[in-house]
Amino acid sequence: MNHSQGASINPAVNTTDEVIVSAKGLRVYYGDKEALKGIDFSITKLGVTALIGPSGCGKSTFLRTLNRMNDRIPGFRVTGNLIIEGENPYAKGVDLLELRRKVGMVFQKPNPFPKSIYENIAVGPRAHYGIRGSKLDQVVEEALNAAALWDEVKDDYKRKSGLSLSGGQQQRLCIARMLAVNPDIVLMDEPCSALDPISTGRIEELIVSLSQTKTVVIVTHNLQQAERVSSHTAFFMFGELVEAAPTEELFANPQRDATRDYVSGRFG
Amino acid sequence: MDALTSLGNHNELLTKRDSKRSLWSGVGVAAIGLVTLFVIAIILFLIGTIILRGAPSVNLGFLSQPPLENMTAGGIWPQIRGTLLLIGGTFLIALPIGILGGIFLAEYAGSSRLIGLVRGLITSLAGTPSIIYALFGLAVFVLILKLNISVIAGWLTLATMALPVIVLSTEQALKAVPNSQIEAGYALGMTRWQVMSKVALPQAMPGIITGIILASGRAAGEAPPIIITAGIYFRTEKEMGFLELIRGATESLPLHITEGLR
């Protein structure tokens, strides 16, 4: 695997023109602090959209607003317009569980449950689809395959604890766990920042292959990673969306000074 | 190398430093070793004394028969039975309430001023001396509710005493579950209760069990509440139904030992 050059694993990702996430004037507050200052941004179906920007710029806040993971933070408020798959996730009467079934999430640090690999993955499909027995076995195997983990764990995945896996395997287990509920949109919050380069390469390959059938939105601090895996890139700074464009364009020909300074490594 | 000439020949300083360090390290290890030996010696002395002096008296008859000849012979079965009965009933009452209370405080209560006050009160109740619970049980359960000195009054008194410990340890064990685990549950589309029962509670279980053990030690071992609300030194009835058993006072180990020492 070659990590220094962008072209190694990024094929011509098949994106569409169909908008799946659309934000208009989206503002987020934590208490008095305005974390997102009116974001206008659309994400098209399929492909990978990378969110980049310096720490505290709002990219993670934007990501976590999409599946309402910020709801648990005291003082969190959101205004403006957000539409995901035709629905406003903050509208009254929205089924939060259904939103999170449609919009899956992978976190910065692998967080498998202290249970067997099988149980880690079975939790979601059991809760959402009520399946049991051999049907559930099948879903677990498919999810492990989709996360490129099956070959490494197939002998003892029903007994072995998810915590006994290596960091990279744990992250793929978390991806399998998320895939097992079959989301349409996959949110990833710096999924490789705790991993070594080889594990990172495997996850990146996985991200690209997932993006053939799912819409992936990834927050990353690693500009090379954004270049390698994403079809579109959005640059955030101070809670604002500075610039969004197809990845090659944004890196080769940034329109704004701040974007140019950031992607050329002058700050960050 | 030349920049720090004021340090002079620093190899000499390093040698001095190292000999100082190894001296203190040796002293430290020796001190820790001595203290450890002392603690082991005390434990061996305690266990040894109990076994050497107690073992000849303990046999199946001692554990399975009632006391005889004005408490100077026979066994201690009624006292064991009474103590087990008291603990069993106490936990039947205190466990569900205590664990649900802990879950409520940890996950549902939020952080209002009222909840802060409640939490403070529970904490001070957990540290309240058992004699206070004994007097409370006597006033409320024995006299006002007219339960008399009985196993039921003992259960309620001991449950009141065990509750705060169980509530607090459950709450703390739940709060110690990493946020990343909780978020993983929510991100999979679990309900609040599913996150609680499938993610948080299993991981908090060791801490909760520690709390239960602490509470049971307190409930079974504290003599005052048992003596005042449920205790009787001996009785003459031989066979009783369960209802009669719990409506009346019971023999118990703390009271038996206290009386026996007079």
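What is the volume of the second largest pocket? I looked it up, and the answer is about 330 Å³.

**Entry 1: ground rules**

I am working on a predicted model, where local features need pLDDT of at least 70, side-chain atom pairs count only at pLDDT 80 or more, and totals for chains, interfaces and linings use all residues. Residues are numbered from 1 along each chain as its sequence is written, chains are lettered from A and ligands numbered from 1 in the order in which they are written, and side-chain values use heavy atoms, with hydrogens and water left out.

**Entry 2: the second largest pocket**

I noted how a pocket is found: on a 1 Å grid over the protein atoms alone, it is an open set of points with protein on both sides within 12 Å along at least five of seven lines. A cavity is a set of points where a 1.4 Å probe fits but cannot get out. Lining residues have an atom within 4 Å of a point. Grid points are joined across faces, edges and corners, and a volume is the space filled by probe spheres set on the points.

The second largest pocket holds about 330 Å³. Of its 16 lining residues, A:Asp71, A:Arg72, A:Ile73, B:Glu107 and B:Tyr186 are the closest to its centre. Helix H2 (96–102) of chain A and H7 of chain B each supply at least two lining residues. Helices here are DSSP runs (H or I, at least four residues), strands are runs of E (at least two), and both are numbered from the N terminus. I sorted the lining by class: seven nonpolar, two polar and seven charged. Ala, Val, Leu, Ile, Met, Phe, Trp, Tyr, Cys and Pro count as nonpolar, Asp, Glu, Lys and Arg as charged, and the others, Gly among them, as polar.

**Entry 3: the cavity**

How many cavities of 30 Å³ or more does a search of the whole structure find? I found one. The largest cavity has about 60 Å³ of space. Its lining includes A:Met105, A:Phe107 and A:Cys174 from chain A, and B:Ala184, B:Ala187 and B:Leu188 from chain B. H6(A) gives the largest share, three residues. By class, the lining has eight nonpolar residues, one polar and one charged.

**Entry 4: where the chains meet**

I counted 18 residues of chain B in contact (heavy atoms within 4.5 Å) with 19 residues of chain A. The two chains bury about 1,600 Å² between them, 60% of it on carbon and sulfur atoms. Buried area is the accessible area (1.4 Å probe) that two parts lose on being put together, summed over both. In chain B, B:Glu183, B:Ala187 and B:Leu188 lose the most area to chain A, together 38% of what that side buries.

A:Arg172 lies in helix H6 and A:Glu152 in helix H5 (residues 150–153), so the pair ties together parts 20 residues apart in sequence.
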